[in-house]
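Let's take a walk through a protein together. Have the sequence and the 3D view ready, and follow along.

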Amino acid sequence: MSQCVECGAVLSVPICCDHCGAIFDPQPGTDHFSLLGFSRAYALDEERLAQNFRRLTAKVHPDRHAQRSEEVQARATRLTADLNRAYAVLSDGVRRADYLLELTGGPTAAEERGVPGDLLAEVMEVREALEQARGVGDRRTIERLRQVNESKRRQTLDEIAALASGIETASVRQRRRLRLLLNALRYFENLTTELV
Ligand SMILES: [Zn+2]
């Protein structure tokens with residue numbers, strides 16, 4: 001842990017001093033986790049995350065630094081945006097998994113665009129069945145398709161959480177699997193909006 005350059009107190013987060021209230025630009029390479037006072041891991045206490053976010057947002061709030069130099073005021077505005085961005089990612093399980101995968105070496109969404117197994121063929125089949133069911137006004141089939149899709153979406157979310165939780169020791173194959181599942185989620189979500 002580094003020390004406050006203004007008062008020498010030990011910093012619990014890299015962007016502000018609990019002791020004197022000074023605020024700092026984060027060092028290059030500071031990730032969303034450390035910005036909000038967490039270590040780099042998928043599992044996190046969401047209540048503590050929200051608390052830290054609120055506490056830090058209050059400390060860096062531009063109103064609180066309105067009497068300081070323009071440089072400090074600009075920093076306050078920047079840090080507020082940084083905190084909002086970090087919180088938006090970390091408070092969403094899927095975005096957190098995606099971010100963690102990227103942070104620890106990928107593959108990123110740009111590097112691996114694939115989806116698991118026969119997903120694309122399955123999605124096409126669902127769309128065909130949906131079209132047929134709509135044609136004859138078969139609400140029961142549409143409802144069944146919706147339930148199957150929802151259960152696949154949930155299974156995918158569960159597997160994403162399990163793989164992301166073990167990211168530190170994940171094999172290359174597991175990391176790729178996590179990326180494929182994150183990519184797959186979009187298809188299930190699109191179907192969710194279609195299956196109504
Ligand atoms: Zn200080």
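## A look inside

Leaving out residues up to four places away in sequence, Cys16 touches Ala22, Ile23, Phe24, Leu56, Lys59 and Val60; two residues are in contact if their C-beta atoms, placed from the backbone, lie within 7 Å. This is a predicted model, where local features need pLDDT of at least 70 and side-chain atom pairs count only at pLDDT 80 or more, while totals for chains, interfaces and linings use all residues. Residues are numbered from 1 along each chain as its sequence is written.

Cys16 also belongs to the largest nonpolar core, which has 17 residues. Such a core is a set of buried Ala, Val, Leu, Ile, Met, Phe, Trp, Tyr and Cys residues joined through C-beta atoms within 7 Å. Buried means that 20 or more other C-beta atoms lie within 10 Å of a residue's own, with C-beta atoms placed from the backbone. Helices H1, H2 and H3 each supply at least two residues of this core, and H3 gives the largest share, six residues. A second, separate core includes Ala97 and Phe188.

| Core | Residues in core | Among its members |
|---|---|---|
| Largest | 17 residues | Ile15, Leu36, Leu83 |

Helices here are DSSP runs (H or I, at least four residues), numbered from the N terminus. Just after H4, Gly105 takes a positive phi of about 120°.

Definitions and conventions
A residue is buried if 20 or more other C-beta atoms lie within 10 Å of its own, exposed if 12 or fewer, and partly exposed in between; C-beta atoms are placed from the backbone.
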